[in-house]
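Please examine the arrangement of aromatic side chains and helices in the model displayed here.

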Amino acid sequence: RMIPTREGEVSIVFARHTLTYEYALQFVDGKTVLDAGCGTGYGSHMLASRARRVTGVDRSAEAIDYCRAHYSAPNLEFEPMDVTKPGFHRVFDVAVSFQVIEHLPDPGAFLSLLRDAVVPGGKILLATPNVRTPHAEDTANPFHCSEMNYDELHALLSKHFSSFQILGIGHARPNRLREFIFRSPLYRIGKLLRRGSVVKKLANKTLDLTGFRVITEGVSEEAMDLLAVCDNK
């Protein structure tokens with residue numbers, strides 16, 4: 001579960017996740033929003049700065065307790081709920097679900113539930129890691145069961161939406177040394193460092209590890225995360 005960074009800490013993954021929510025802000029002005037699989041709630045809180053109402057749901061009661069303890073707003077609520085089971089019908093204008101679908105054994109059924117939760121003409125936004133090459137057994141995430149590349153996500157969305165766009169979260173600027181490090185064993189070692197590690201801070205300054213942007217070209221090859229914007233027609 002993603003815990004927000006504190007001042008002076010470095011997290012590549014949290015930087016990507018935060019940018020995803022920042023991108024979603026443009027779709028939620030004055031809207032009712034569902035954050036399906038809200039985790040620790042930082043993203044739901046971001047969305048509440050623009051939305052009329054935000055409901056963050058997560059199957060983990062522990063996560064919901066964290067959300068309620070750390071984030072509050074008059075238009076923000078958190079509820080324990082299994083996102084793989086029906087819970088809402090035509091309630092929300094927008095649904096977001098970031099870094100969730102890869103954890104579910106039946107992504108198609110999950111998309112059907114999101115469609116049912118959102119009013120016709122609403123928006124559904126999804127984000128998931130862009131797994132271009134399947135991980136070796138010793139590097140695979142044990143909590144992921146439905147990882148996808150661009151083509152696989154496109155094929156899945158085509159079964160549920162007649163109109164959608166797949167964008168990507170990619171590095172803001174090219175850096176040859178960073179690309180070399182990412183392909184070497186040094187990257188796996190670096191992932192073990194604490195967020196506040198001096199080495200990690202220096203690496204971030206040198207390699208621009210946490211600078212990201214939303215990309216529309218070269219998504220299948222360059223994106224670290226895939227970001228889908230779907231019309232609920």
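The following paragraphs treat a serine and its surroundings, and then the aromatic pairs.

This is a predicted model, in which local features need pLDDT of at least 70 and side-chain atom pairs count only at pLDDT 80 or more, while totals for chains, interfaces and linings use all residues. Residues are numbered from 1 along each chain as its sequence is written, and side-chain values use heavy atoms, with hydrogens and water left out.

S44 lies in helix α2, residues 42-48 (helices are DSSP runs of H or I with at least four residues, numbered from the N terminus). With a relative accessible area of 0%, S44 is buried (under 20% relative accessible area, with a 1.4 Å probe and protein chains only). Not counting residues up to four places away in sequence, S44 touches Y21, D35, C38, V54, G56, L76 and F78, where contact means heavy atoms within 4.5 Å.

The whole structure contains 5 aromatic pairs (rings of Phe, Tyr and Trp, the last by its six-membered ring, with centres within 6.5 Å; edge-to-face denotes planes over 60 degrees apart). F14 and Y42 form an edge-to-face pair, at 4.9 Å centre to centre and 65° between the planes. This pair links distant parts of the chain, with F14 in helix α1 (residues 12-24) and Y42 in helix α2, 28 residues apart. F14 is buried at 12% relative accessibility, and Y42 is buried at 10%.

The ring centres of Y21 and Y42 are 5.8 Å apart and their planes stand at 75°, so this pair is edge-to-face. Here Y21 in helix α1 is joined to Y42 in helix α2, 21 residues apart. Y21 is buried, with a relative accessible area of 4%. Ring pairs link F14, Y21, Y42 and F98 into a cluster.

Terms used:
Helices (H or I, at least four residues) and strands (E, at least two) are DSSP runs, numbered from the N terminus. Buried means under 20% relative accessible area, exposed over 50%, partly exposed in between (1.4 Å probe, protein chains only). Rings of Phe, Tyr and Trp (its six-membered ring) pair if their centres lie within 6.5 Å; planes under 30 degrees apart count as stacked, over 60 as edge-to-face and the rest as tilted.
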